[in-house]
Amino acid sequence: MTTAVPQEILDALTDVDMPKLPPEAGPSEAVRLAGIEVPVYRAGCVVVGSGAAGLRAAVEMKRRGDDVVIISQSAWGGTSACSGSDKQTLHTANTADQGDNYKAMARAIRSGGAMDEDTAYVEAVGSSRMMASLQFLGLPLPQDPLGGTLRYQTDHDEVGRATSCGPRTSRLMVKVLAEEAIRLAVPFYNQTTAVKILTEGEGADRHVVGILAMRAGDRTEENPLGIALYATDVIVLAAGGPGELYRDSVYPNGCFGSLGLALEAGVELVNLTESQFGIGTRREGFPWNLSGTYVQAIPHIYSVDADGIEHHFLKRYYRSTQELASNVFRKGYQWPFHATRMLDFGSSLVDLAISSETAAGRRVFMDFNRNPLPVPGDLPFSLERLDEDVRLYLGKAGAGQEMPIDRLKHMNALAIELYRRYKIDIAADPLEFAVNNQHMNGGIMVDTWGRSNLAGCYAVGEAAGTHGVTRPGGAALNAGQVFGTRAAEHISASGRAKRAATGDMSGIAEAGIADLLSALRAESSLTVKAIRSEVQARMSEKAGIICDQSSVARALIEARQLNADIRADGVAYGRAAEAVRGVQWRHMALASEAVLSALDVFIRDGGGSRGARAICDAAGESLPLASAGPLEEYRFRRERDADRDEQIVVRLEGDQIRPSRRANRPFDESARSFFERDWPAWLTGRIYGLTADD
Ligand SMILES: Cc1cc2nc3c(=O)[nH]c(=O)nc-3n(C[C@H](O)[C@H](O)[C@H](O)COP(=O)(O)OP(=O)(O)OC[C@H]3O[C@@H](n4cnc5c(N)ncnc54)[C@H](O)[C@@H]3O)c2cc1C
C-alpha cells in the first residue's frame, strides 16, 4: 500500500460503523423466584456473545430454521469488534499462486503440538468455505485482477496463508455478520450478561435447561439486579477470551470470557497453559498489537527511567546494530513471544528485554522518527546492513526511505491513521508499549462439532480451547468461523433448537438464583477492585512469559486461598452494575486458579518451555545469550517432545480444580473419502454422530 490511497478509502477501513440493533422482543412470562420477579425468555438456542464467532453460529442456525437468540454483555464490545493490528489477519487456505493442500495446512496449524489433529483438519478444510461466505456477505478481502486473494506471511506461517482487510478485519467481520443477523431477524438482547448455566440431571445425563443473565433493561424494584431467565435446552458459549485475567493486557476492557461460568457448570477446560503474549499498546490507552509493519519499519526502541533518562537497552542484548535492527523487524511476523527464539540472538530477546525494562519500572517506547541507535563499537544503522531476509523484504516493499515513519507510511499508511483516531500521532511522538497477554489458546474442551462434555452446551471462538501450543496468525478468527458453522450444523441436525423450550425449570432456576445471590454481599472485604488487582497482578507477574516452578506453585496456593475467601465471604457490591462485575470477578478468580493449576501440574511433571512461556530452571538445558554475556537467570528447560502429544484438562469437582491429561485426537491422513460409499452418511445425518443426549 502506498500513500497514494485516497483518504476516504483509508477512513472506511479504520472507522467501521456498526448497524443499529432492532428493538428487543419482550419476555414470554414472568415468575416469582427467590423473592424476585424474574422475566422468562424462551428460545431453542441461546448464543452467549456477539463477537465474530457467536454471530456466525447464530446466523448459520437461523438460516437452518432454528429458533435462536443472541445475548451479549456488550453488542459491539469484545475482541472481534474492538481489537486489531496493522493488518489484522485471517488465516485461510491459499487460493492464489500454487493453490493449497488442506492436509499440509492442518499440519501447519497443529505444528506446535497439544492440538487435536482432527480439529486442525476441520479448521483447514473449513477455511475456504468460511472465507467465501464472508466475502458473499460483503467482507472486503483484497484480490488481484483475476480474483486471487492477496496474501502474505505471518507468524507460524511458512506458506503465506494470511490475508487481511486492514487493521480492522475482525470488526468488519462482526459488521457483515451482524447485518446478516439483523436481516434474518435473529432476536438480540444487548447489555445482557450470562451469569449461571442451569442444568438438570446427574453424571452423564446432566444437560442444559437454561441460563441466567443479568440485564440492565430488566432492573425493577421487584428485581433490582435485573436477573432474567433464558429457558433453553441448547447454549453456544461464544463469550471470547479471558482478557481481564492479566494486568498487562492488549485485550479491550471488559473481556471476561466464560471459563469460570463453564467450570461452575461442570464443563471441562483444556490447554489453559497455552496463551499468546507479545508487544502492543495496553488497554489503559488504545489496546493494539504492534506486529507487522509497525516493527518492520524498524523504529528505535528505548526505555525511560523514573528520572526521565533514556536507555538504549537493546544494545545489551544484541551483538551488532545489524542484528538488533533485523530482530526488531522480525517481530513483524514472529510476533508472539516464543522461548526458543530467545536463543541464538533471536527475536524473542526483544520481548524479554522489554519485559525486563518494564519489570524494573521503566517505560518503553517506539520512536518512528529515529532509526535504531548503534550498538557501541559498531557501525550506525543502515538499510544496506540488515540480515538478508530483512533487506530483501524491505527492498521488495520499496521501503528504502530514510526514516522509519516514512517507511511505515509507504508500507501501510493505515497503521498511522489508526492511532490518530485515538489522538496518538506516532508520526510526531514516540509510542509507549509493553509485552502483553493477547490470546487464550486453551478454553472449553470441544469435539469436532464444538460440543462440550455437558449435553446441550457448545463453545466456539476464543471461548473454545481448540488451539494448540502455537497458532498461525489469523487462525483464531478462522477457527471461530469454522466452528461457529459446525456447531450450528450439529445443533440444527439434532433438531433440539427448532422451537423455543417449553419446559418448567423454575425449581432449578430458583436454586440458581439463590446461589448467585448468596455470593453477592452488601458487606465484604472482597471488593471487585481488590479481587481484580490481586488476580491480575499475580497472573502478570507469576504466569507471564517467564515462569518457574516455585513461583507458579506459590501463586496457585494464593489463588486457591482467594477462592476459599470468596466462598466464605462473598463479593461486595453497591450498585446493580457492580453486582454483575462481582459475579464476573468471582468467575475470573476461579479461571485464574484453573490456569495456575494446569501450569503447576505441567511444570511439576517436568514440562518445559513452549509457546508463550519460558519455564526457567537453574538446571535447564537452554541458556539465552546476550551481547553482555549469558542470561543465567533466564536459563530454561527445553520442551519435552512427549508433551506435544497430549493436553491438560481441568474440571471443578466440589471446590477443587482437578487436572488430568488426555492424548490428542488423531487424524488419519491416508483415509480417502469415496462418494458412493460415504454419501449415505451425509444424507442420513450419520456424519453428526448424534447421541441420545444431543
Ligand atoms: C490486539 C489483538 C489483535 C488480534 N489480532 C488477531 C489477528 O490478527 N488474527 C486472528 O485470527 N486473531 C486475532 N486476535 C484474536 C481474535 O481477535 C479473537 O480470538 C477473536 O476475535 C475472538 O472472537 P470471539 O467471537 O470468540 O470473541 P469476542 O469477539 O471477544 O466476543 C465475545 C462476545 O461475548 C460477549 N460476552 C462476554 N462475556 C459474556 C457474558 N458472560 N454474557 C454475555 N455476553 C458475553 C462480549 O460482549 C462479546 O460480544 C487478536 C486479539 C487481540 C486482542
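Student: How far apart do the C-alpha centres of domain 1 and domain 3 lie?
Tutor: The C-alpha centres of domain 1 and domain 3 lie 24 Å apart. This is a predicted model, in which local features need pLDDT of at least 70, side-chain atom pairs count only at pLDDT 80 or more, and totals for chains, interfaces and linings use all residues. Residues are numbered from 1 along each chain as its sequence is written.

Student: Which residue ranges make up the domains?
Tutor: Domain 1 covers 7-16 + 43-274 + 441-509, domain 2 covers 289-435 and domain 3 covers 519-663. These bounds come from an automatic or database domain assignment.

Student: How many residues do domain 1 and domain 3 give to their contact?
Tutor: Domain 1 gives 33 residues and domain 3 gives 33 residues. Two residues are in contact if their C-beta atoms, placed from the backbone, lie within 7 Å.

Student: And which elements give two or more residues on the domain 1 side?
Tutor: They are β8, α7 (259-264) and β12, and α7 gives the most, with five residues. Helices (H or I, at least four residues) and strands (E, at least two) are DSSP runs, numbered from the N terminus.

Student: What kinds of residue are on that side?
Tutor: The side of domain 1 that touches domain 3 has 17 nonpolar, nine polar and seven charged residues. Ala, Val, Leu, Ile, Met, Phe, Trp, Tyr, Cys and Pro count as nonpolar, Asp, Glu, Lys and Arg as charged, and the others, Gly among them, as polar.

Student: Back to β8: how many of its residues are buried?
Tutor: Eight of the nine residues of β8 are buried, that is, 20 or more other C-beta atoms lie within 10 Å of their own, with C-beta atoms placed from the backbone.

Student: Which strand does β8 pair with?
Tutor: β8 pairs with β9 (residues 207-215) in the antiparallel sense over eight bridges; two strands pair if DSSP finds at least two bridges between them. Glutamate 200 stands opposite histidine 207 in β9.

Student: New topic: which residues are closest to the ligand?
Tutor: The closest are Gly49, Gly51, Gly78, Gly240 and Gly461, among 47 residues that surround the ligand. A residue is near a molecule if its C-beta atom, placed from the backbone, lies within 6 Å of it.

Student: Which element gives the most to that shell?
Tutor: α14 gives the most to the shell around the ligand, with four residues. Other elements that supply at least two residues include β8 (192-200) and α2 (52-63).

Student: How does the shell divide by residue type?
Tutor: The shell around the ligand has 17 nonpolar residues, 29 polar and one charged.

Technical notes: A residue is buried if 20 or more other C-beta atoms lie within 10 Å of its own, exposed if 12 or fewer, and partly exposed in between; C-beta atoms are placed from the backbone.
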